[in-house]
Amino acid sequence: MQLSHVFRVSKYDPADRDAHGHYTGTEDTTSDHGEVEEACLQAVQAFAVEAGVDRLAVREPEIASFAHCGVEAPSEDFGLGALLPGGLADFHDGAEVPLDTGVELVRLMLRDGGAWCRLEAEGAFAVHVGRDQYLYIGSSRPHRAALARTRELGLHPERLDASPYDFEPDEDGVLRPGGDDFWAGLHRAVTGGRSVLLEEIYVQNASRRHRLTSDTVDMVRAALAPRARLAVWPDLSSDSAAVLAALPAEGLIEGVWQEKDGRIHSAIADEEGFPELVARISGADAAALLPMYVDERVPLLSAVVPDGDGVVRARRQAERSLGDSPQEKSARGGARRAVGD
């Protein structure tokens, strides 16, 4: 979202920069959880109020990634439980929050709590939190009062042409709606007792897996997170020995396994984590190994959940699936037969 008035706001005095623009002062690059942090939040509020904004939309939310074999997040809800009624479940693309809640999300990001997003009011206002406590505040109108207030707070606003955190679409992705046609294909795929594995990427760096059968397709569809990205993979295998035989000697791999109680877990591991991954898969009811490298990670089908009116408003795109590239057109028929299309 390009806005005509963009400022970098920080606690770093421009006078304390060398000839190359590097900061040489004494300010810490982490939040003080005190007066400076409060000044940053008051500055955001001042800009938003002057822009006439009282609600903000969460865009492109993400949580900190972690590569380990555990199934628990490093911190519960990444600090979101105290801010959003549903915690992480309400931290989705397009979710609207009151300005006060948006300001508290900025606090969470300043503290590097593990959750990050763009906060925007379409065409009017945006605030992005960058590295080292930098704020990038954009608006469709000039803000004399907010700029004066920011300086009174001891902060330093600097004019920019654009925020470095403006969204840029993934060149390798596709905007394919996960609408009725997509789900009709999945219904056909799971007839006759067959099943496939659906990956639901509900925020960046976090996903849920669902084994789709003729009995669960509609239930899963109804429970998907808004604007989630979807990827369809071959079903989990009950032959754990065959799955483990395909484990590479080194590199990153994602293991997906279903416990005896039906819950599906996943973990990303490298060669150091392989022993724990092997132990988990060996005791599972079903499992699979999925590639992690972009050139190898090609699902059978992919899509983005549209809004209720059928329009895809998510700016993040789905992964390219089999048949999307000219080199893979010969495999297209096989991929479609694999999912019953």
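Okay, so the second largest pocket in this predicted model: 22 residues line it, and the ones nearest its centre are Met109, Asp112, Trp116, Gly130 and Arg131. The space in there comes to about 480 Å³.

Where does that lining come from? Strand 2, which is 55-63, helix 2, at 99-110, and strand 4, at 115-121, each put in at least two residues. Strand 4 gives the largest share, with 3 residues. If you sort the lining of this pocket by class, you get 8 nonpolar, 8 polar and 6 charged residues.

Take the largest cavity. It holds about 120 Å³ of space, and 13 residues line it. Nearest its centre you'll find Asp93, Tyr202, Arg227, Arg229 and Arg316. Strand 2 turns up here too, and along with strand 8, at 196-203, each gives at least two lining residues. Strand 8 supplies the largest share, 3 residues. And the classes for the largest cavity? We've got 6 nonpolar, 1 polar and 6 charged residues.

Then there's the second largest cavity, with about 40 Å³ of space. Its lining has 11 residues, and Ala126, His128, Gly138, Ser163 and Asp166 sit nearest the centre. Strand 5, at 125-129, and strand 6, at 135-139, are the elements giving two or more residues to that lining. By class, the second largest cavity is lined by 7 nonpolar, 3 polar and 1 charged residues.

Note on methods: Residues are numbered from 1 along each chain as its sequence is written. This is a predicted model: local features need pLDDT of at least 70, side-chain atom pairs count only at pLDDT 80 or more; totals for chains, interfaces and linings use all residues. Side-chain values use heavy atoms; hydrogens and water are left out. On a 1 Å grid over the protein atoms alone, a cavity is a set of points where a 1.4 Å probe fits but cannot get out, and a pocket is an open set with protein on both sides within 12 Å along at least five of seven lines; lining residues have an atom within 4 Å of a point. Grid points are joined across faces, edges and corners, and a volume is the space filled by probe spheres set on the points. Helices (H or I, at least four residues) and strands (E, at least two) are DSSP runs, numbered from the N terminus. Ala, Val, Leu, Ile, Met, Phe, Trp, Tyr, Cys and Pro count as nonpolar, Asp, Glu, Lys and Arg as charged, and the others, Gly among them, as polar.
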